[in-house]
Amino acid sequence: EKGGWPSFMDKEIHEDPAAVADTLLGRFDEKGDIVLDEVRIEPDAFRSVDKIIVVACGTASYAGLVAKYAIEHWVRIPVEVELAHEFRYRDPILTPRTLVVAISQSGETMDTLMALRHAREQGSRVLAICNTQGATIPRESDAVLYTHAGPEIAVASTKAFVAQVTAAYLLGLYLAQVKGTMFRDEIHQVLDNLKAMPDKIQWVLDTQRESIERAAKRMLNAHSFLFLGRHVGYPVAMEGALKLKEIAYTFTEGFAAGELKHGPIALVDEGEPVVVIVPSARGRDTLHNKVISGIEEVKARGAYTIAVAEEGDPDAERYADIVFWRPACPTLLSPLVDVVPLQLFAMDMANLKGYDVDKPRNLAKSVTVE
Ligand code: BG6
């Protein structure tokens, strides 16, 4: 069933473009308006939503963090992201106008299920973003937006992540549409940009393999890795760190680049690998410049830097030791491409170390205990 691929993980990373494309399929009409009739929440109910709380665990929680940046920008309502296991123990503020979004690939994660039960008991609506038809989480939710990544077998989540992020964008655009917080043209524009993402992911898969493998070989004996990113690059850094930890058993820490000077820089020593998600250089906005100066700071302390950057970014080329390139795209959508080289990097590291990338030690694909 691996279809000729050496591992399920390899196969599934190569299905990232299809996971995005298939999740978009049938979710808009010929005019370019978002159609989510299948979720079964009345547009009026959506219109009244004044807060979103995402509950999820692991990779799904990082998809939720990407959703926060996009939905707050498009819909102008607060979005909180909470690890599902923390949620119900802290007396969260839930009202009938709160939409709780439970993100889960398997739809069986007990922590997430308990969080959504709590939210419903408190009178909030729950929408599940789930990859598994008919699983417990979608069955117990008021509504469901399925991701169409296809079955994910490898324990470390890859194609499900990009599908979850895509579904979250669709939810955000739909809310913007019913609430009128974006012009229709703007929604159509974002949708067009989203439709272009599968080809951009494919470009990364087609062109970056060699440099990623080279970097993995070079870094094979590293004891720890730091991953840093800013804005939507922050959840990508967290996810890249999680992948490497899960399957290559390397100690990693992912954090927001701005935190560097508030602590993590103390860890940087000669040869310490630091992976940096660099935002678009277009316009050389402050976001880009701040992240680049983060690279300079760690380099000045001897770090070995790997950048994930937009094709042709002269600063990434100049300051980073290795660059994994990705095509230009709007900042809010960039996690869909930025995460891909990090998925491949973690897989290469694990393979080179001789580990079973599909079945990492101590981990289960779906955790059905609290
Ligand atoms: C973990 C899995 O236990 O559960 C992770 O090993 C996953 O890969 C997390 O991200 C959440 O799983 P799910 O199915 O709820 O998305």
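The model is predicted, with local features requiring pLDDT of at least 70 and side-chain atom pairs counted only at pLDDT 80 or more, whereas totals for chains, interfaces and linings use all residues. Residues are numbered from 1 along each chain as its sequence is written, and side-chain values use heavy atoms, with hydrogens and water left out.

Mean pLDDT, the predictor's confidence in each residue from 0 to 100, is 95 for the protein, and 99% of its residues reach 70 or more. The scores are ipTM 0.94 and pTM 0.97.

Around the ligand are 13 residues, of which Ser104, Gln105, Ser106, Thr109 and Ala364 come nearest (a residue is near if one of its heavy atoms lies within 4 Å). By class, this shell has 5 nonpolar, 6 polar and 2 charged residues. Its largest share, 3 residues, is contributed by helix H4 (residues 58–75).

Polar contacts are pairs of N or O atoms within 3.5 Å. A polar side-chain atom of Ser104 lies 2.6 Å from a ligand oxygen atom, and for Gln105 a backbone N or O atom is 2.7 Å from an oxygen atom of the ligand. In Ser106, a polar side-chain atom lies 2.6 Å from a ligand oxygen atom. Taken alone, the ligand exposes 390 Å², of which the protein buries 89% (Shrake-Rupley method, 1.4 Å probe).

How values were computed
A polar contact is a pair of N or O atoms within 3.5 Å; within protein, one must be able to donate a hydrogen and the other to accept it, and residues adjacent in sequence count only if both atoms are side-chain atoms. Helices (H or I, at least four residues) and strands (E, at least two) are DSSP runs, numbered from the N terminus. Ala, Val, Leu, Ile, Met, Phe, Trp, Tyr, Cys and Pro count as nonpolar, Asp, Glu, Lys and Arg as charged, and the others, Gly among them, as polar.
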